[in-house]
Amino acid sequence: RPSSALSLRFPGREYDEGPYIEAVSGWCGARSSQVSPPWPDGRSLLASLDRSRDLPDFPTGESLMRPLFDLAASKRIRVVLTGVGGDQWITGSPFYYADLVRRGRWLTLARVLRAADPDSELAWTWREVVRTGLFPILPPIVRRAGRVVLRRHAVPRWIDPAFARRIDLEARLRAAALPPSRGGYARAALRRLLRSGWETLTNELLERGAAWRSVEYRHPFHDRRLVEFALALPEEQRRRGRYTKFVLRTAMRERMPEPVRLRISKVNLSEIYLRALGALGGERAFERLSIAEAGWVDAGRLCAMYRDVLARAARGDDGYGAAVVPLWMVLAIESWFRAVLAGERPDAARSTDGAGLPIPASGRAE
């Protein structure tokens, strides 16, 4: 039967995917329906907290997807197929560098690094090459010494040190070394991702938001058989030359438009997070944190971190996106703390729509 393609659009923003949407829907003959979501506001961001008494969903979750859910309801669509899982199992892992170093394949490593396109998922820094290519194969005592010399801390500096010591947060956050195995470090990293709490959390939030809107998500890439197949692939079938998902791109030759099949860029919605922070009060929210009064976080460091993010975004610095998710998680936990532990109603009245933030028109974010 004819299928419907439901898509979010962001006109005028760098992460708008209009040309790719039109190419795919035209290729497969789907009825394309597109909608542009409003900027996040406090009420929509905290709606899931009010219902579930759990952490509010991410700004790129239900609050952003609500127009698509409404569109699906208007068309009486109840089951939606997604692409969730493709990034996890088929993109590959940078720990492939460690496999190449361990096997002494220096020429291949040089070729891999040289072929990586700076505008693609394979873009790298020397810091990342050291972290994923050298650190995993070093003896534990050398890794510990290296962390001391480089002053690498597992506990973020904006978490109160006394609180971190009391709950032994350093040990809890310090990821166990990837065990060398027959499949190599890259495959071990994918297995760890498969079992990670972060992956479980994001999937549960996704399902909960869809269920509340009477839509059932189906994720073909989460089919057990496909996951097992993907995990068994050699890394060269995931990453080759300037491409990730190499095996998928090969399988889709003549099955999708070439501009989509050979695309190396990814959208990034860091601007949505930044506007969500503004919608929940911006710097004022970080100045009066209840979880700071409880001794969990350092409000001063968080305020400075937020101001730095705004300044970098205003001058078009692509690197500001690395800090917006931790900042969002702080306000998410603050909202949960106030609603569940302090018994307050989620306070959307203090929010704005985030439209006044000094964000560059391109919306480009790291």
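Is Asp168 buried, partly exposed or exposed? In this predicted model, Asp168 has a relative accessible area of 45%, and the residue is therefore classed as partly exposed, since that class covers values between the 20% limit for buried and the 50% limit for exposed. Asp168 is located in the loop that lies between α10 (161-166) and α11 (169-173). The backbone of Asp168 has a positive phi of about 55°, although the residue is not a glycine.

A positive phi is also found at Lys245, where the value is about 50°; Lys245 is not a glycine either. The loop that holds Lys245 runs between α14 (224-232) and α15 (246-251). The relative accessibility of Lys245 is 12%, so Lys245 counts as buried, the limit for that class being under 20%.

Helix α20 (residues 299-314) and helix α21 (residues 321-341) have axes that come within 11 Å and cross at roughly 140°. The pair α20 and α21 is therefore oblique, because an angle has to be over 145 degrees to count as roughly antiparallel. The crossing in which α20 passes α21 is left-handed. On the α20 side, Leu302, Met305, Tyr306 and Val309 take part in the contact, and they meet Ala323, Val324, Pro326, Leu327 and Val330 of α21.

Helix α17 (residues 270-279) also packs against α20: the two axes come within 12 Å and cross at roughly 130°. This contact involves Leu274, Leu277 and Gly278 from α17, with Tyr306, Val309, Leu310 and Ala313 from α20. At that angle, α17 and α20 are therefore oblique to each other, and their crossing is left-handed.

The crossing of α17 and α21 is left-handed.

In helix α12 (residues 184-194), the buried residues are Gly184, Tyr185, Ala186, Ala188, Ala189 and Leu190. The elements that cover these buried residues include α5 (86-90), α6 (96-102) and α14.

Phe221 is placed in the loop between β4 (216-218) and α14. In sequence, Phe221 and Trp89 are 132 residues apart, but their C-alpha atoms are 8.2 Å apart in space. With residues up to four places away in sequence left out, Phe221 touches Gly83, Val84, Gly85, Gly86, Trp89, Ile90, Leu226, Val227 and Leu248.

Note on methods:
Residues are numbered from 1 along each chain as its sequence is written. This is a predicted model: local features need pLDDT of at least 70, side-chain atom pairs count only at pLDDT 80 or more; totals for chains, interfaces and linings use all residues. Side-chain values use heavy atoms; hydrogens and water are left out. Helices (H or I, at least four residues) and strands (E, at least two) are DSSP runs, numbered from the N terminus. Buried means under 20% relative accessible area, exposed over 50%, partly exposed in between (1.4 Å probe, protein chains only). Axes are lines fitted to C-alpha atoms, for helices over the stretch in contact, and angles run from 0 to 180 degrees between N-to-C directions. Angles under 35 degrees count as roughly parallel, over 145 as roughly antiparallel, 65 to 115 as roughly perpendicular and the rest as oblique. A crossing is left-handed if the near helix is turned anticlockwise from the far one by less than a right angle, and right-handed if clockwise. Contact means heavy atoms within 4.5 Å.
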